[in-house]
Amino acid sequence: LGCAEGCIAREFALAGAREVLGIELLQAHLNVAKTVCKDVPQVRFVCAHLDDYINSRESFVPAYDIVLALGIIHKLHNPEIPLRFAARVCKDLLIFRAPAKKYDGLIKSKFTDKKVNVPEVMQSEGFVEERLIAGVRGEAAQYWRRKK
């Protein structure tokens, strides 16, 4: 979610991923991503605002083994919606990174007062926290694994 210039998408594909989907709002980023990934046909990009992409889906079924949500959900009006979407389309591992500041499990939208309690949502969606890695600027990378 928020694939930027496609570098991570390319590496997933080169490592053997059958399908990689990158969703990105900024066309300039996608132009670079398409160039970076031009020789890896299993990579597909969608230019869309994540809220619009989620709203266009009729249902959410686990479709991807790994989902990355790195520093993106706080950029939307209601951060709970993209977090739940990421969890619902994830079969196994969701890697989530909170924005750079002291992380206490709560994420607040940059644009509204809406907040989401990440551990609460992830547990309610059937995940357990596998690992938390603290970053140098106070951010946190979390590895959430779907319960078997």
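Two strands pair if DSSP finds at least two bridges between them. Helices (H or I, at least four residues) and strands (E, at least two) are DSSP runs, numbered from the N terminus. This is a predicted model: local features need pLDDT of at least 70, side-chain atom pairs count only at pLDDT 80 or more, and totals for chains, interfaces and linings use all residues. Residues are numbered from 1 along each chain as its sequence is written, and side-chain values use heavy atoms, without hydrogens or water.

**Strands 1 and 2.** Strand 1 (residues 20-24) and strand 2 (residues 43-47) run parallel, joined by 5 bridges. G22 stands opposite F45 in strand 2. Between the two strands the chain passes through helix 2 (residues 27-36), and this β-α-β crossover is right-handed. That means a clockwise path from the first strand over the helix to the second, with the strands pointing away from the viewer.

**Helix 1.** In helix 1 (residues 7-14), A9, R10 and A13 are buried (under 20% relative accessible area, 1.4 Å probe, protein chains only). Seen down the axis, the buried residues fall within an arc of 100 degrees, so they line one face of the helix. The arc is taken from the directions from the helix axis to the C-beta atoms. G16 follows helix 1 and has a positive phi, near 115 degrees.

**S109.** S109 sits in the loop between strand 5 (106-108) and strand 6 (115-117). S109 is buried, at 2% relative accessible area.

How values were computed
Buried < 20%, exposed > 50% of the residue type's maximum accessible area, 1.4 Å probe, protein only.
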